Amino acid sequence: MDLIQTLLDGLMVGGLYATVAIGVTLVFGIMGILNFAHGQMVMLGAYTAFFVVSAGLGFWPALLIGMVAMGALGLLLERVVFRHTLGDHMQGLTASLGVIMVVENLAAAAFTPDPRTFEPPLPGSFQIFGLTLSSQRVLVLVLVVLLVVACHLFLQKTRIGKAIRAMGQNRTGAALVGIQTTQVTAIVFVLGSAMAGAAGVLYGSLFAITPYMAAAPLMKGFILTVLGGLGSVPGAVLAGFLLGVAESLGSRYLSASFRDGYGFILLIVALLYFPRGLFGQRGKVRV
Amino acid sequence: MNHRSTLIAARSAAVALGGLMLAASCLAQTIKLGMVNSLTGPHASFDLPASEGVLMAVDEINKRGGVTVKGKKYTITVDSEDAQSKPEFAVSGAQRLLRDDDIKVIFGILTSGPGMAAATAFGKSDVLYIGGFTLLDTLLGKPGGELMIRTLNNDATVAKSFVPTSISELGVKKVGIMLPNEDVSRSIVAVYKPLLEANGVQVPIVEYFQPDTQDFAPVLRKFQNQGLDGMLTGTNDALVEAILRQATELGGLPRKFMYRGGSGAPAIKYSKAVDGFTWQILSRDLDNASDPKVKAWIERYKAFTKKDVSPNTYWALTFYDTVFMVAKAMEEVGSTTDVKAIDAAVKAMKYEGVRTMRFDKDGHAQSDIDIGILKNGKVSSVRAGA
């Protein structure tokens, strides 16, 4: 029972990691930019939820507003900053580092570094088949699965999704067959940022919100992007759940003081056997 | 110029010189205290109230006539430096104070980073340094730390009153300890675990977690269904609030908590979900003041600072009483400059101020503390002696 509970804990937190990683891997797959500012979207999404819930509007509007607001911010960043760095990956990476500093310091100045929390929609725990589970964590897992499935269906079944995948395979080829690459790039940024916003809202429903909270999800998002295979959405999702379970089992049965180390062990071992990541495609960049 | 005008000029010069000498002698009848505190930066939430406490005590001493040393009246002035929450500014502030030969006693700093840096400078000089930061205890009584005093109790002293009071208030019999993996946590366990056991409480689990952990579910599972009725945790409000929140969400965990920290804020938010919570108020409880001395002090603080009390105001009592002790020590030893004699007199003194202050021979505080208690949704506090 204890093992199953711990596995479920890992899946719940792993789902959050996966939601962050989807945005990172989408932007990298399409634009080749490792967008470090993605973590700031998570943080701002969490603050959006905090203020919306504090205003009495509740968790569900907060989730919606968080996603829409971060999607809009992603579009703005793409138009103002990243569109102009497309030809130079190093410039894009440097610009994203600059965005981190600006957003983080603005957030610290505006919101203060004091940790914030908001009341989750499902507080407390429940018992099922002898397991004691946190209601909010189960809700977060369900929402993460829904988001991942929705994202997958969007990429697989819609014309835009197909265009995104085509650009991920070959940007020049996609342009040659008539895909509006600049529009698709903007859509990818919006989608990735909205996923980060959702991750932030869900993070905020479980953990404390601070202006400096972005570092951990961002670092894990990058680990998962590499582990899953650069640009692979299914890879990022699988890697997210694997990382969550590895951290959870390691902290529960080994040492909780080595928590973040388990993810890197997983990464090193996986890359020894899958040098292009779990779902990395033949011919793609070796990570 | 004729002889008469020369005479007038000479007389005027003599009067002016006399006036200057008189003014100089009046100026000499002041005691100049040094103060270095982080008035800005992240540590200002502790150090700013602490500096207000010093200024308030000085103001009160001056208003009642100052300090009388060998029949001579002295007023106190304070020369203050801002450590800006950074060790390098703490050192430069300390050095500026040390360059002033009139400063023999220096107060300040509640956080160990800037505090250790400044104390290193003070240790090489012939001044009495009175600080509040945790690591100051490691310097007291050792070479370079002979003229130093810490006005807040160390862990071992706090635990002597906190542990038995918490056990009796919470009624716990089997407790788990959960702390971040830091040096200070090891020393907390070394102090608290034997004390808990000596007071008849079993401590079957001690767990350390990664300091920046946000998801405590896996480590909390280790405490689940172990028959525990309490947990001891720390070491800062944000961390403890996260632990409490997740413990109440996961279920199957103790609902009574002992917090090795100075605020009830982490539990007050979850007062309906926890059965009991105790914390350490290293000076006096200002939120639930019943002691007339504390009530009167709060009114004086409001009048002096033109501010209301906040959750951090109790740090203003860190040095407040000790300023009075230093003034009294100067009167007793008959000197404002003999720092060794003043230091010895302060360390030998028991002072019933707003706090009950006393020190051991090395300068470790042995003062009474208040213990905050949250039970049945109600907050109160009790006074506990070391």
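Modeller: Let's start at one side chain: a polar atom of the D370(B) side chain lies 2.7 Å from the backbone nitrogen of D285(B). That side chain also makes a polar contact, at 3.1 Å, with the side chain of R284(B). By polar contact I mean a pair of N or O atoms within 3.5 Å; within protein, one must be able to donate a hydrogen and the other to accept it, and residues adjacent in sequence count only if both atoms are side-chain atoms.

Before going on, a word on the ground rules: this is a predicted model, where local features need pLDDT of at least 70 and side-chain atom pairs count only at pLDDT 80 or more, while totals for chains, interfaces and linings use all residues. Residues are numbered from 1 along each chain as its sequence is written, chains are lettered from A and ligands numbered from 1 in the order in which they are written, and side-chain values use heavy atoms, with hydrogens and water left out.

Back to D370(B), which is buried, at a relative accessible area of 4% (buried means under 20%, exposed over 50% and partly exposed in between, with a 1.4 Å probe and protein chains only). Leaving aside neighbours within four places in sequence, D370(B) is in contact with W279(B), Q280(B), I281(B), S283(B), R284(B), D285(B), V382(B) and R383(B), contact being heavy atoms within 4.5 Å.

D370(B) belongs to strand β14 of chain B. Helices (H or I, at least four residues) and strands (E, at least two) are DSSP runs, numbered from the N terminus. Residues 369-375 make up β14(B), and six bridges tie this strand to the antiparallel β11(B), residues 276-281; two strands pair if DSSP finds at least two bridges between them. Within β14(B), I371(B) stands opposite Q280(B).

Now zoom out to the sheet. Its seven strands run in the order β8-β7-β9-β10-β11-β14-β15 in chain B, as an open sheet with mixed pairing. The edges are β8 (202-209) and β15 (378-384) of chain B, each pairing on one side only. On average, neighbouring strands of this sheet are turned by 20 degrees against each other, direction ignored. Helix α5 of chain B (residues 155-170) lies across β10 (256-259), β11, β14 and β15, and runs at about 160 degrees to β11(B). Axes here are lines fitted to C-alpha atoms, for helices over the stretch in contact, and angles run from 0 to 180 degrees between N-to-C directions.

Elsewhere in chain B there's a helix pair to look at. The axes of α11(B) (residues 320-333) and α12(B) (residues 339-348) come within 8 Å and cross at roughly 115 degrees. M325(B), V326(B), A329(B), M330(B), E332(B) and V333(B) in α11(B) meet A341(B), I342(B), A345(B) and V346(B) in α12(B). By class, that contact has nine nonpolar residues, no polar ones and one charged (nonpolar is Ala, Val, Leu, Ile, Met, Phe, Trp, Tyr, Cys and Pro, charged is Asp, Glu, Lys and Arg, and the others, Gly among them, are polar).

As for the whole of chain B, there are twelve helices and 15 strands. The C-alpha trace spans about 105 × 40 × 35 Å along its principal axes, and 53% of the 386 residues in chain B are buried. Among chain B contacts with a separation of 6 or more, 66% come from residues 24 or more positions apart.
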